[in-house]
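Take a look at the chain first, and then we'll go through some of its charged pairs and one of its hairpins.

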Amino acid sequence: MTESLEQLKLALAEARAEIAKVIIGQQNVIEHALIAIFTGQHVLIEGVPGVGKTLLVRTLAKVLGGDFARIQFTPDLMPADITGTSVFNLKESNFVLVKGPVFTSFLLADEINRAPAKTQSALLQAMQERLVTIDNETHALPPSFTVFATQNPVEYEGTYPLPEAQKDRFMFKVNVGYPNRDEELNLAGRMLGEESPEAVLESGAVRQVLTADRVIQLRAALQLVTVREELLAYIVDLVRATREHEAMLVGAGPRATQALILASRARAALDMRDFITPDDVRALAEPVLGHRLVLRPEFEIEGLTVTELIHRVLEAVAVPR
C-alpha cells in the first residue's frame, strides 16, 4: 500500500474518532458525510428536527478545518441572499462585492425545500462548478466547498420539491433517524452535566485533525484504491438496470454511475482497504440512487417504493465473483 493511501486512512480514522466525541450514534450518516467531503460531492439529509443535522456539519467543519455557514431557507429568500450582491460604496464611488454565505467550505442549507425553485437554482452553479456569478462576474468558491442540504420528511405544507437537476447534484440522500434507546439514554445522561454534545464542541475538546488544503491533497489518494474491471461493469449494469425496469419513469443518469464509483472507493478507504468489493457498491446503492429515481404512477399506486425497486435491481444484476 502506498504511503499517501495510508495517510488518508489514518486521517479518516482520526476524523471519525473526533466526531464521535460530539455525535452519538449515526455511524452511517457520519460515513456518508465523510465520503462526500473526500470525493468533492454534496449530501441531501432528510430527518425530523432535533436529530443533530446542524451539529454534525458544525463538527465536521471543526474537525476538518473548514469554514462553516448556515442558510435557513424560507419562501421569501432571494438568490442574492445566498450568493451575495454588489453594493455601491459612496466614499469610493464604486461597487463593492458583499459575499453571501455560499463563500464557505461547509454550507448547511437548512430546509432547502422551503425556498422556491428560483432561489434553489442559485446553488446549482456553485454545487457543480464551485463558481458563483454575480453581476456578470464569476467568483471561485473554495475547492473544499460542500453543501449539506436538509429537508423535513414530515412537514410538506409550504414546501417546493427540489428540481430533478438539483437532486442529481447530490451524491447521497441520507435519512437521519431517531437514536436507539441506549444512544438516547447516553445523550440524556450527558445533558445533566457539562458534557452535552454542544458543550463538548464549544469547549475545544474536539481536535482539528486536518486543514481544508490537506483534505484536497488527500482526495488524490482515492485514485490508488483499486477498482477491478468486473466491478466497474457491475456498477454500470446496476445503474442501467434502473433505466430499463418496467416500473421506472426516470432512471439514474451517468452522474449516478460516477457517484457510485467515487463513493465505493471512499468507503473502501474508510474500511481501511485499498480495493473495493461488491459489498461497497451494494451498501451505497440506495443512498446514491434513491433520490434520482422516479416511479411510474401506476406502480406507486400499487404500493411499490423506490427502496423496494432498488432491492429488486440489486437481486436481478449478477454480482461479480
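Is Arg282 buried, partly exposed or exposed? With a relative accessibility of 26%, Arg282 counts as partly exposed, because buried means under 20% relative accessible area, exposed means over 50%, and partly exposed lies in between (1.4 Å probe, protein chains only).

## What you're looking at

This is a predicted model, in which local features need pLDDT of at least 70 and side-chain atom pairs count only at pLDDT 80 or more, while totals for chains, interfaces and linings use all residues. Residues are numbered from 1 along each chain as its sequence is written, and side-chain values use heavy atoms, with hydrogens and water left out.

## Salt bridges

A salt bridge here is a side-chain nitrogen of Lys or Arg within 4 Å of a carboxyl oxygen of Asp or Glu. Go by that rule and you get 17 salt bridges. One of them pairs Lys173 with Glu46, whose closest N and O atoms sit 3.4 Å apart. This pair ties together distant parts of the chain: Lys173 belongs to strand β9 (residues 172-175) and Glu46 to strand β1 (residues 43-46), 127 residues apart. (Helices, H or I with at least four residues, and strands, E with at least two, are DSSP runs numbered from the N terminus.) Lys173 is partly exposed at 25% relative accessibility, whereas Glu46 is buried at 12%.

Back to Arg282: its side chain meets that of Glu315 in a salt bridge (3.6 Å, N to O). Here too, distant parts of the chain are linked, with Glu315 in helix α15 (residues 306-316) and Arg282 in helix α13 (residues 278-289), 33 residues apart. Glu315 counts as exposed, at 63% relative accessibility.

## A charged network

Some salt bridges share partners, and that joins Arg16, Glu31, Arg267, Asp271, Arg273 and Asp280 into one network. Within it, Arg273 bridges to Asp280, their closest N and O atoms being 2.7 Å apart. Arg273 is buried, with a relative accessible area of 13%, and Asp280 is buried too, at 0%.

## A hairpin to finish

Now find strand β6 (residues 131-134). Val132 and Ile134 make up its covered face, while Leu131 and Thr133 are on the uncovered one. Strand β6 runs antiparallel to strand β7 (residues 137-140), and 4 bridges join them; two strands pair if DSSP finds at least two bridges between them.

Across the pairing, Thr133 stands opposite Thr138 in β7. The hairpin has 2 residues between the strands, and Asp135 takes a positive phi near 50° there.
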